[in-house]
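The sequence and the model come first.

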Amino acid sequence: MNTIIRKSMLSVAGLAFAGGVFAGPIAAHAATPVEGKPVAVAVQTATPQGDQSRITLNDEQTANVKAIIAATKKAGLPERAAVISIATSLQESKLENLGHLGDANDHDSLGLFQQRPTSGWGTPEQITDPAYSTTAFLKGLKQVDGWQDMPLTQAAQTVQVSAYPDAYAQWEQQATDLVAQHWNS
């Protein structure tokens, strides 16, 4: 496995999002080897906002990280989109593909991103498919003007419309580390 060196310093343009929040899936719905040797890449990003949280991942959670990265690559989006997606999933489900949680369920929220069928994200079967749910999240992210330069929590909140809009920021460092670890694996 190639070792990639990355630093967490995304340039943040300090853009204010104008235009309000969206519901549901917004509007309804590198390194090149040299002579066979891997190249170490340093990605500079801004310091993550606020105190950072971290959890130890099990095999299922790691597989979900890889599924999010694969869907991001398939969508032709950069690593920053994977970082935002993984941080969002860490906040929403701790990277666990959650089914209906009974009385503990938040409305009808399901899957890695706690997306809701009643909000237009898809069927329960679709939402609990990591590739589908990531693609749905990324479609929403792509509709956010300037998402690439926004603070992570602002980009995630604009797509997710959470009751806790600042909670995504605490996962930025772990998400960045996971993308660095798995992007080229």
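A residue is called buried under 20% relative accessible area, exposed over 50% and partly exposed in between, with a 1.4 Å probe and protein chains only. F137 is buried, at a relative accessible area of 0%, and F113 is buried, also with a value of 0%. The model is predicted: local features need pLDDT of at least 70, side-chain atom pairs count only at pLDDT 80 or more, and totals for chains, interfaces and linings use all residues. Numbering starts from 1 along each chain as its sequence is written, and side-chain values use heavy atoms, without hydrogens and water.

Rings of Phe, Tyr and Trp (its six-membered ring) form a pair if their centres lie within 6.5 Å; planes under 30 degrees apart are stacked, over 60 edge-to-face, and the rest tilted. This rule gives 1 aromatic pair. The ring centres of F113 and F137 are 4.9 Å apart and their planes lie at 10°, so the pair is stacked. It links distant parts of the chain, 24 residues apart: F113 is in the loop between α2 and α3 (124–127), and F137 is in helix α4.

Helices here are DSSP runs (H or I, at least four residues), numbered from the N terminus. Helix α2 (residues 79–93) packs against helix α4 (residues 130–142) at an angle of about 120°, with the axes 11 Å apart. Axes are lines fitted to C-alpha atoms over the stretch in contact, and angles run from 0 to 180 degrees between N-to-C directions. Contact, meaning heavy atoms within 4.5 Å, is made by A81, I84, S85 and T88 of α2 and by F137, L138 and L141 of α4.

How values were computed:
Helices (H or I, at least four residues) and strands (E, at least two) are DSSP runs, numbered from the N terminus.
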